[in-house]
Amino acid sequence: MARRARTRSASSNTGRPAADPQIPASVTGGPEGGTTGRYLVLFREGAGAASIRNFGKAAGVAMASASDFKEGAPELSKLASDEGVVFPDLGVAVVNTPPEQIQSVAAAADSDILAIEPERIVYAFDDLPAWSAAALQPAAVATGVPIDYFRGYRDAVNHLYDKLAGTAGELAAEGATPLVSETEFTWGLQATKVPASRFTGKGIRVAVLDTGFDLGHPDFAGRRVTSQSFVQGQAVQDGNGHGTHCIGTACGPKRPGTLPRYGVAFESDIFAGKVLSNQGSGGDAGILAGIQWAVTNRCAIVSMSLGAGVMPGQSFSQVFEQAASRALAAGTLIIAAAGNDSRRPQTLKPVSHPANCPSIMAVAAIDSAFRTAFFSNQGINPQGGQIDIAGPGVDVRSSWPRPNLYNTISGTSMATPHVAGIAALWAQSNAAFRGRSLMSVLTQSARRLNLSARDVGAGLVQAP
Amino acid sequence: MAKVRLTLSVSDSHLKKLGTVAKAAAKAGMKVEQTHKTLGVLSGSIDAGKVEKLRAIDGVDRVEEERTFQLPPPGSPVQ
């Protein structure tokens, strides 16, 4: 459905683009492996029935409407070479016509044809769970048409849309790491649609509880930074690097000194809480103090790229769960790293403390090929031990304390501030997105991945 | 006696009486270092043998020994 809506908005202008419809090279060939020999013709949004009929006339094809077939689906296999069927609601026609014939019509200046594509052979999933097959049944009964038939057309239309929108192949085939150009934006920002977002995090306070921050980093000159150390005897100044990297991802600038852009919420207010020492160590008490500080300061988001391993079957901390639940009620959402203890495919470890609390979002890491990172922990334990969402966490470039300025590292620690920064964009987009409703919109808007929910939860976080 | 560091949460009914709970915890032998009002959490330390006394205090919901966290060294590829 969403794809249909996007198609509509993309071509809602009444003027006709001058460009020729995209006709794949394969149109000029005959039937190939995986195609039926028939062709799908996609019409522009708003192309009326008359326009489609005209196409039929010009191409010498007798067009029937699918809505005329009361007793069932049109039998496409029996289409004569000069016949076609129109699906008015989809703006698609299926024709059994030689492609050269369609192409000449499509190339006409006033053509309403957006694309022509060989009809692919689509197979039904054979692993549909019973409930799913049952749920699909009523539709088939109501129309008298086998549901597989519609599924095939849905997939074909989606495929056409992807081709037109240039997103085909974005979800790369397993095994191949696509070379994502990072000239302007890191792959993580691209994969989460941050560059296209009109939101900046302006007015949203983001607390990052970590090893502190390089307060003199040139990429953050002029930014509003509030900081506090909860580590005895150590100043906020980041003597480790981890905190500066995480703050960079969540809140880094629109125009860094050196491209690519790596930060999400570039106009957010930074709250740098040092709860881990320069040596990278800390305890529950300091982290709880940091959370209280963030809540007191009305931070909408707390990003915590930290965790302590738990055993399979071990329950979450009730103290942290209560604290997180009360923070949510006060409008502060805590987002935490799921942990890096797994060594896939052999070893799978459960989500760490405190990300395993039901009221804290647990973030898994994926790579630029949309695969679960080998180290990313899994939702093994019940009751809050699930993964909620995934973020970019392999080969992530961000800020690093001077003199290095930048560093590229991996971890669920890097995935977490992507989610935190994007949470700030959502929080800016609607003042109602706070606490639990902010958590909900993040998971609801996540991009579904072809991976287990045990590994990536609702999918890859997406910017509004 | 060995000291343990711990965190303690109060039940919802005692969220507004955190100070009272903190006083009772101190009386039971806890060195209360931090009091977090919104979260309803206290943290501090106590003699290992006195932890059970804390659990008996009216309004105390959970008592947990403090966990520690350790990041990998800054040079590690996985953080």
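At what angle do helix H10 and helix H11 of chain A pack? The model is predicted, so local features need pLDDT of at least 70 and side-chain atom pairs count only at pLDDT 80 or more, whereas totals for chains, interfaces and linings use all residues. Residues are numbered from 1 along each chain as its sequence is written, and chains are lettered from A and ligands numbered from 1 in the order in which they are written.

Select residues 412–429 (H10) and 435–444 (H11) of chain A: these helices pack at about 110 degrees, with axes 10 Å apart. Helices (H or I, at least four residues) and strands (E, at least two) are DSSP runs, numbered from the N terminus; axes are lines fitted to C-alpha atoms, for helices over the stretch in contact, and angles run from 0 to 180 degrees between N-to-C directions. H10(A) and H11(A) are therefore roughly perpendicular (65 to 115 degrees).

Next, display A:Val419, A:Ala423, A:Trp426 and A:Ala427 of H10(A), which meet A:Leu438, A:Val441 and A:Leu442 of H11(A); contact requires C-beta atoms, placed from the backbone, within 7 Å.

Move to chain B, which has 2 helices and 5 strands in the pattern β-α-β-β-α-β-β. Of these strands, 4 form an open antiparallel sheet in the order E2-E3-E1-E4, where pairing requires at least two DSSP bridges. Strands E2 (31–36) and E4 (60–65) of chain B are the edges.

Within the sheet, select E1 (residues 3–10) and E3 (residues 41–47) of chain B, paired over 7 bridges. There B:Leu8 stands opposite B:Leu42 of E3(B). Helix H8 (residues 284–296) of chain A packs on this sheet, touching E1, E2 and E3 of chain B.

Technical notes
Parallel < 35°, antiparallel > 145°, perpendicular 65-115°, else oblique. Contact = placed C-beta atoms within 7 Å.
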